[in-house]
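Colleague: I would like to go through this model with you. Please put it up, and then I will ask about its parts one by one.

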Amino acid sequence: QGFKFHCGHIFRFLCWNMPAALSKEPSADDAPEEKKRLARKRAGLIVCMSSSLSVCQHIMTVQTEPRLVVNLCNGDVAAASRLLGNTSGIVGLLSILVNQFGGRLSDSVGRKPGFMIGPVMNVLLGWLVFKNSHNRRLVLTCRILRLLFTTFSNTVMVDAALADVCTTPQELEHSKSQIQVATGAAMLITPFVEAKLLEKGLHWVYLGVSGVAAVHTCLSCLCLPETLVPSARSQTKMDLASVNPFGFIRIFTEGSRALWQLTVLTTFQMFLEGKNISDIAQNWVRDHLKWSVTGIRNFVIIYGALCTLSCGSLAPRLRSRLDAKDFTTLTNSLNAGAFLVRGLKASTVLWLVAMVPMLPGVNGTCAIPLKAQATRLAIEQGFGKGEYSAWANNMRAIVGSIAPMMYGQVYAGLAKKGMNPGLSFAFAGVLGAIVPQIMLMAMKDSDLGVVPKVAVVAAR
């Protein structure tokens, strides 16, 4: 009752924080250029709204799906953890194929069809699970397809569209931060919807997914502009070589050393991405912290609010004061510390306290400056925007296939041996924060787009 959310507030917040070049008012002196700026501004806002709706569809089952799978496994939590991890791994492997083909195709036909496929599929998949929630094979198959196409529309297409819209690395970096704000906004709203639908039953949540997807489909059809103009589209014919799912190897064979190092580093940071941690986190708070459905909902709301504030205010301020190397070092260090301690014991206080240091680099925010630098280098070296976006997301998909399976196996193995399964979070912290930091320390400042501090002092 005490919490009210207005979409207009988020819309105004996004407008206020859009890059300067996307938010200038029209001037009589240069009307054609101002029209382009306004079009880019509108495109950026609609992409943010599309991303927010995709996140809603992705996280609406964050409590429901683990509970449904446990029920389908007759209460066997360990078996359910393995199934959730294995299906997430399958999603990652299939994403390699979908991302490469879809990203390459979008360079030729435009981005809008790629934005459409996620919500259109979710309308059907949500309805199927709603009507057949006792069929374990169908539920798991729909989970795979829903995660696969939602992730494609909200990663490969969003990254490629922002690269189309933004004209400088600074604009791209800022726009990516606004996607994080949109993610936080979705995390504020969705738990209320899920909790309300859970009162009716687990399967009703999937009807909610179908409904949100239908709204998203209408938005994409009616409002989403095509960000890739015909003159900028690739004229290269689609062949087996161009849709090779392992085409990202070209980053290592044809790209510069700086490009592949940045790509690998930011890929490792995705080991801490929310969707990779979500399954074991839900098991931990439900089975060891003994949180209720309402407690989990309230946590997700508070966490979403903090993420929105951090991505919209704290992280941009840090990036304005720190260069890419220092910002990444800070957020890696904070993430490492938080993940190393958050599961040391089954303590609600410890879990909540450990959440605070993660906020500046939460859910991929730590990778924003280096991703923008990598995108700039890829474009300069002749790679297509959609093509490189697909490659980067293919590597991200590999992590998305490995991480949940690894975490699920480690979690289940520790629990089976009578050890603390919360140590799985420390394992994740090593992979997603400590390893990338070691890589960062081995890179040159010039490769990071950073002016060496000695040169800055000498210039002064």
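Colleague: What volume does the largest pocket have?

Modeller: This is a predicted model, in which local features need pLDDT of at least 70 and side-chain atom pairs count only at pLDDT 80 or more, while totals for chains, interfaces and linings use all residues. Residues are numbered from 1 along each chain as its sequence is written, and side-chain values use heavy atoms, with hydrogens and water left out. A pocket is an open set of points on a 1 Å grid over the protein atoms alone, where a 1.4 Å probe fits, with protein on both sides within 12 Å along at least five of seven lines; points are joined across faces, edges and corners, and the volume is the space filled by probe spheres set on them. For the largest pocket the volume is about 460 Å³.

Colleague: Which residues that line the largest pocket are the closest to its centre?

Modeller: A lining residue has an atom within 4 Å of a point. Helices H8 (169–198), H13 (293–321) and H16 each supply at least two residues of this lining, where a helix is a DSSP run of H or I with at least four residues, numbered from the N terminus. Of the 18 lining residues, the closest to the centre are Gln 170, Glu 173, Arg 319, Ala 324 and Pro 369.

Colleague: How many residues of the lining of the largest pocket are charged?

Modeller: Asp, Glu, Lys and Arg count as charged, Ala, Val, Leu, Ile, Met, Phe, Trp, Tyr, Cys and Pro as nonpolar, and the others, Gly among them, as polar. The lining of the largest pocket has nine nonpolar and five polar residues, and the charged ones number four.

Colleague: Which helix gives the largest share of the lining of the second largest cavity?

Modeller: A cavity differs from a pocket in that the 1.4 Å probe fits but cannot get out, and there are four cavities of 30 Å³ or more. H7 (156–165), H11 (257–269), H16 (368–380) and H17 (385–416) each supply at least two lining residues. The largest share, six residues, comes from H17.

Colleague: Is Gln 373 buried or exposed?

Modeller: Gln 373 is in helix H16 and touches Leu 262, Asp 447, Leu 448 and Gly 449, not counting residues up to four places away in sequence; contact means heavy atoms within 4.5 Å. Buried means under 20% relative accessible area, exposed over 50%, and partly exposed in between, with a 1.4 Å probe and protein chains only. Gln 373 has a relative accessible area of 8%, so this residue is buried.

Colleague: Where is Lys 290 found?

Modeller: Phi of Lys 290 is near 60 degrees, a positive value in a residue other than glycine. Lys 290 is exposed, with a relative accessible area of 63%. Its place is the loop between helix H12 (274–287) and H13.

Colleague: How far apart in space are Leu 105 and Glu 387?

Modeller: Leu 105 lies in helix H4 (residues 77–109) and is partly exposed, at 28% relative accessibility. Leu 105 and Glu 387 are 282 residues apart in sequence, and their C-alpha to C-alpha distance is 8.7 Å.
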